[in-house]
Amino acid sequence: MNVTVLQFPGTNCEFDTQYAFKRLNQNVTILWHEETALPENTDLVVVPGGFSYGDYLRSGAIARFSPVMQAVKAFAEKGGYVLGICNGFQILLESHLLPGAMKRNENLHFVSKHHWLKVENRDNRFLSKCEVGELLNIPIAHAEGNYFIEEEGLKALWDNGQVLLTYCDSAGNPANPNGSVDNIAGICNKGRNVFGLMPHPERAMEEILGSADGVKMLEGLCS
Amino acid sequence: MKAIVNVYLKEGVLDPQGKAVHHALDSLGFNGVKDVRVGKQIVLELEANDKETAKTEVQKMCETLLANTVIEDYNVEIVS
């Protein structure tokens, strides 16, 4: 599979993401944001974490207008697979490829630690290798992960099985590091081809670094 | 011509910064504060010399980039 990882000024997770997918034996291209087209053979676009454009104005607000994002939008609209991690998730929200918006963390702190996630839905390619109710140990690192969507939109997310991951503790009880509505950590679009999550699966690829739970998440996209 | 844009979280959207500032004010003994909302102000220097045109243009800027209308409201004031 050919994975295209985007790179904006201020992106800092593109090489971790590249490493993660190479570990899964995929071809990875890092693509600068000024490109107007994706490599023709792209099977998956990853919008990685970081601080695109210094998070100025709002996280992801400026990256959304990068030339490459117009190509990503067209790719997604044709059913192409897109994964946004952390700042990438914020960019996909600002691009309206995913519904809702991000606010500052409730406690206003930058939260950086391992956190447990509960798989809410596996009826999608991303989490197809996981089980519903399974707990995953994945690092989070963000100041704006306080996901918000109005009531009607929230209901639609749950009804359509678009809520993929929620924050929990090691026993699976709800736990919330940032104030996000219904403890939401990750969602997908209605078409189930655009995924966004605040946690970093690409940082959980090896037991020696604390967790390898990211492997089965990213593997789903490679199958 | 100058445009002053104020962007703030919508009513009903919890404002974590406003809450923290409110709490701090309370701790400092300023107990008469009912609510605090923290927003941002963007000041634009414009080439336009017609107020109406300027306002329409800045509103378009707000809808496109300056505000995220999913969670934020804005107002535009043109001062010459």
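Reply: The contact takes 13 residues from chain A and 8 residues from chain B, where two residues are in contact if their C-beta atoms, placed from the backbone, lie within 7 Å. This is a predicted model, in which local features need pLDDT of at least 70 and side-chain atom pairs count only at pLDDT 80 or more, while totals for chains, interfaces and linings use all residues. Residues are numbered from 1 along each chain as its sequence is written, and chains are lettered from A and ligands numbered from 1 in the order in which they are written.

Me: Which elements give two or more residues to the side of chain A that touches chain B?

Reply: Strands (E, at least two residues) and helices (H or I, at least four) are DSSP runs, numbered from the N terminus. The elements that give two or more residues to that side of chain A are strand 5 (101-103) and strand 8 (146-148) of chain A.

Me: In strand 2 of chain B, what is the bridge partner of B:Val5?

Reply: Two strands pair if DSSP finds at least two bridges between them, and 6 bridges join strand 1 (residues 2-9) of chain B to strand 2 of chain B, the two running antiparallel. Within strand 2 of chain B, the partner of B:Val5 is B:Ile42.
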